[in-house]
There are 2 protein chains.
Amino acid sequence: MQSFNPPRRILMGPGPSDVHPRILEAMSRPTIGHLDPAFVDMMDEVKSMLQYAYQTENSMTIPVSAPGSAGMESCFVNLIESGDKVIVCRNGVFGGRMMENVLRSGGEAIMVDDNWGEPVDPQKLEDALKANPDTGVVAFVHAETSTGVLSDAKTLSEIAHAHDCLVIADTVTSLGGVELRVDDWGLDAVYSGTQKCLSCTPGLSPATFSEAAVDKIRGRKNAVQSWFLDLNLLMGYWGQNAKRAYHHTAPVNALYGLHEALVMLGEERLESCWERHRYHHLGLRAGLEALGLSLIVDEAYRLPQLNAVGLPEGVDDATVRARLLQQYGLEIGAGLGEMAGRIWRIGLMGESCHQRNVMLCLGALESVLGRTGAIEAASRYYDA
Amino acid sequence: MQSFNPPRRILMGPGPSDVHPRILEAMSRPTIGHLDPAFVDMMDEVKSMLQYAYQTENSMTIPVSAPGSAGMESCFVNLIESGDKVIVCRNGVFGGRMMENVLRSGGEAIMVDDNWGEPVDPQKLEDALKANPDTGVVAFVHAETSTGVLSDAKTLSEIAHAHDCLVIADTVTSLGGVELRVDDWGLDAVYSGTQKCLSCTPGLSPATFSEAAVDKIRGRKNAVQSWFLDLNLLMGYWGQNAKRAYHHTAPVNALYGLHEALVMLGEERLESCWERHRYHHLGLRAGLEALGLSLIVDEAYRLPQLNAVGLPEGVDDATVRARLLQQYGLEIGAGLGEMAGRIWRIGLMGESCHQRNVMLCLGALESVLGRTGAIEAASRYYDA
């Protein structure tokens, strides 16, 4: 068996996004112990920089040592006890995955459904809360990775709190890409991934928990069903002041990478990063529209970092994506769930969100689809 | 905030061990998509090389996308259903953690206790099985990381099977360091870590499941309580023949590292790797004994890769370890649980298992403890 040398790719799918060489280089630094004083100091820096990324002062702000799916699970298994009523807003694949998590945590899931491609309707949430006054938790996806839709997290959270509910929010695709303010918006348990707009490698899930969430977790009647994700134990390892208690062996080198990604976010500043995503999204949009392709999500709630493009008539999904991959090393995403075969998902996340990638993608689509005008339209946008 | 540059360390604790530069370099190769055809081919190679490492033909042999603690949990949450009786053999910290996993999976844990520092007693397991004929699963730790003790996995597994039980085995510290034969010994659900004798970075947990285990998981009455660790779903992503179904985003770069570590294991060959661990253990032992230090575990079941050394009279544990770290960049492990303050754990795992490290450690101990003779004794061993 030989060493693996990955082919050259440009990652413009729904994540992972391209990883900056600084981050890759940081990950390749020599491993040190997970209880080494130097490592513990680095953990504190990661926590502090994640607080900035999430715009929160929550002391329980940590990267879960596993991918975003485990970050999701950490929110549900810690906050939900057997029999708890949870309202889950579902407008795509990841709302459905939230429901699975409620059920597997022993909770009762009350679903608030909206069409895929549309945001969560606050009025429906309000109605569901009125109909189910004993609900304790509301869960929704801020930025639906399966459709490219942004929901109004601030409004949904206000409604939930008005009904004395805690809020679980999926920010896997939103963190770093669009405005997200955990404290101002009152989000109680929030998870994300490293491989989207933070442009780090996949494998960690930054998460943050409000005081109210931590109180609920500390006061549980029963132990959290997952030992690995039990925040009562994780607080001992990640806790700010107490002596660090061994819980599990942290993924040391992956954390080097996240640390570097967060240093880079601090250099760029969060608002500039949000603006960069919007700026290149508009360049991509100009080109796609010139090609006669349409973004299926209404402009009012369209994610800049994840563009859901309707498949044109008579074009074979898999053939186009295979040609982009083979001829250009360019990965764009297929549709997921009920969107499979109906859309492409073109990501402009983190390091992938750059004028050179917008132009590469548009030029490749011009060529593969046999159409014209995209480069010209995008050039007009960028030169204006 | 500045980039993190780890201090130089030699890792001779209970893991992580030193990571070979080839592995660190592999991890820093550019990230590609988790559904990229080239990545899927690499996943197949990882599976096949893990089969070799575990000496198994189990098709369900995969790295769980999280540290060893999650690998442990994946075995318990998949195999145990509410009310299942599980016999857990406990002779250290990790047997206790297994008990936690049984309870949190809704099972009933019947404990078979042995003294810390001694192996699991097969007769006690036999007695417990006779007293509890409705037991379905037996769990034990092959190599106890908290004490440095090897248990007789083959015999324990035979006894369990004679009573129609499935076997869960913790091989976190044994995989790659001592003989381990999953198929020959009939182990049904086995997990390990990457950061011990495989000498890879921490963050993944290689696991393997026998046909009998997979049958039990497929035939469950209730869904696995963890969505992230549900093997019924993971089989869709890692499955050999079927179309790969997206489950979670794999930690792409961590898997590059594991792939390279397994390529290196194939180059060295498993038996040579076991022998190397034994060889340098004997060099270390010669030196430690010359210093008047004693290995607390009886030679008959002493792990070569993890040496539990009794703390000498009048020596302060933390002071010695701090001096080793500060003056030599050398990390050795403290005692864990009831062994805290009573032993040091000196690891000779994977890349750390080398004559230069044996000599460095012995020389540093000579100096810090103000004793003599270790280098001389180890030289005699190596030169013989």
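Predicted model: local features only at pLDDT ≥ 70, side-chain atom pairs only at ≥ 80, totals over all residues.
Residues are numbered from 1 along each chain as its sequence is written, and chains are lettered from A in the order in which they are written.

Chain A contains 14 helices and 13 strands, where helices (H or I, at least four residues) and strands (E, at least two) are DSSP runs numbered from the N terminus. The C-alpha trace of chain A spans about 65 × 55 × 45 Å along its principal axes. The radius of gyration of chain A, taken over C-alpha atoms, is 21 Å, in agreement with the value near 21 Å for a compact globule of 384 residues; the globule rule is 2.2 Å times the number of residues to the power 0.38. Of the 384 residues in chain A, 55% are buried; a residue is buried if 20 or more other C-beta atoms lie within 10 Å of its own, exposed if 12 or fewer, and partly exposed in between, with C-beta atoms placed from the backbone. Two residues are in contact if their C-beta atoms, placed from the backbone, lie within 7 Å. Among contacts in chain A between residues at least 6 apart in sequence, 72% join residues at least 24 apart.

Helix α10 of chain A (residues 252-268) has 17 residues, which should span 24 Å at 1.5 Å a residue; the end C-alpha atoms are 25 Å apart, which agrees. The expected span is 1.5 Å times one less than the number of residues. Because 13 of its 17 residues are buried, α10(A) is largely enclosed by the rest of the structure. Arg269(A), with a positive phi near 75°, follows α10(A).

The contact between the chains involves 64 residues from chain B and 64 residues from chain A. On the side of chain B that touches chain A, two or more residues each come from α1 (21-27), α2 (37-54), α3 (68-79), α4 (93-104) and α10 (252-268) of chain B. The largest share, eight residues, is given by α10(B). By class, this side of chain B has 29 nonpolar, 24 polar and 11 charged residues; Ala, Val, Leu, Ile, Met, Phe, Trp, Tyr, Cys and Pro count as nonpolar, Asp, Glu, Lys and Arg as charged, and the others, Gly among them, as polar.

Two residues illustrate contacts between the chains. Val252(B), in helix α10 of chain B, is buried, with 24 other C-beta atoms within 10 Å. Beyond neighbours within four places in sequence, Val252(B) is in contact with residues including Pro16(A), Thr201(A) and Pro202(A). Trp227(A), in the loop between α8 (211-218) and α9 (231-238) of chain A, is also buried, with 23 other C-beta atoms within 10 Å. Not counting residues up to four places away in sequence, Trp227(A) touches Glu73(B), Arg97(B), Glu100(B), Asn101(B) and Arg104(B).

In chain B, five of the six residues of strand β3 (residues 85-90) are buried, so β3(B) is largely enclosed by the rest of the structure. Strands pair if DSSP finds at least two bridges between them. Six bridges join β3(B) in parallel to strand β4 (residues 108-113) of chain B, with Cys89(B) opposite Val112(B). Three bridges link β3(B), also in the parallel sense, to strand β5 (residues 137-141) of chain B, and Val88(B) stands opposite Ala139(B).
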